[in-house]
Amino acid sequence: MREIIFDTETTGLDNREDRVIEIGGIELENQFPTGRTIHIYINPGDRKVHPEALAVHGITDDFLKDKPSFAEIAQEIVDFFGDARWVAHNATFDMGFINAEFERLGLPPVGSDRVIDTLSLARRKHPMGPNSLDALCRRYGIDNSHRTRHGALLDSELLAEVYIEMIGGRQAALGLVMTETGGRSLEADDGPVIIVGRERPLRPRLTEAEIAAHAALVSKIGANAIWAKFSEAEDILRSEAV
């Protein structure tokens with residue numbers, strides 16, 4: 001499964017008039033970063049950066065003068081995202097701007113079925129909040145000390161870490177594999193943890209009375225009882241309990 005964790009910065013809050021001026025994204029494949037990223041600054045044309053937005057991201061009109069227009073980089077965005085899911089924090093805001101930009105160019109919008117909102121996920125997982133990106137970084141022990149201002153690529157990198165933690169991606173990535181000695185190895189980020197089998201199995205905790213009671217119950221159920229399939233195992237347990 002391919003996902004792009006992304007963020008945008010804009011000239012303001014109204015996607016009908018304001019424009020996207022920065023987009024950054026991190027590619028995940030089966031919940032692991034692939035190393036592929038996208039990061040583009042965009043010239044918003046005649047639209048000026050609102051002072052309140054400037055205070056958040058620090059991107060000035062002068063800085064954007066020589067940057068490409070959205071029309072010039074739209075295909076690069078479409079190609080990078082491809083058929084991946086679009087994952088953002090407060091995705092309604094970001095997708096509103098992306099789809100508004102696509103509409104201006106006659107491009108098809110991104111359907112809601114391809115969008116994951118990590119803010120909604122966080123609110124379900126942590127209903128008492130707070131669930132801002134900074135708060136989630138603190139909750140999951142992710143270092144965001146270098147985030148003095150919003151930035152599309154930096155915020156995407158932090159959100160990718162938060163997202164993986166939130167959906168249990170690190171735990172899901174652990175897998176058992178066989179070792180040369182016949183034991184099993186738990187592959188973790190810091191190396192394999194060997195799980196060694198016992199030379200002699202532990203004695204069963206079932207008593208003779210419990211085994212007999214269970215056999216009597218199975219016999220009452222009849223020949224179709226699912227436990228009848230394990231009669232051989234019961235005989236083994238009975239012999240080991242002696």
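Author: Two strands pair if DSSP finds at least two bridges between them; strands (E, at least two residues) and helices (H or I, at least four) are DSSP runs, numbered from the N terminus. This is a predicted model, in which local features need pLDDT of at least 70 and side-chain atom pairs count only at pLDDT 80 or more, while totals for chains, interfaces and linings use all residues. Residues are numbered from 1 along each chain as its sequence is written, and side-chain values use heavy atoms, with hydrogens and water left out.

Reader: What makes strand S1 and S4 a pair?

Author: Three bridges join S1 (residues 2-10) to S4, and the two strands run parallel. The requirement is at least two bridges, so S1 and S4 pair. In this pairing Ile5 has Val87 of S4 as its bridge partner. S4 is also joined to S5 by three bridges, again in parallel, with Val87 opposite Ile116 of S5.

Reader: Why is Glu27 called buried?

Author: Buried means under 20% relative accessible area, exposed over 50%, and partly exposed in between (1.4 Å probe, protein chains only). Glu27, in strand S2 (residues 20-29), has a relative accessibility of 5% and therefore counts as buried.

Reader: How do you know that the buried residues of H5 line one face of the helix?

Author: In H5 (residues 118-125), Thr118, Leu119 and Ala122 are buried. Seen down the axis, the buried residues fall within an arc of 105° (taken from the directions from the helix axis to the C-beta atoms), so they line one face of H5. On the other side of H5, Arg123 and Arg124 are exposed.

Reader: What covers the buried residues of H5?

Author: The cover, where contact means heavy atoms within 4.5 Å, includes strand S4 (85-88), strand S5 (115-117), helix H6 (133-139) and helix H7 (152-166).
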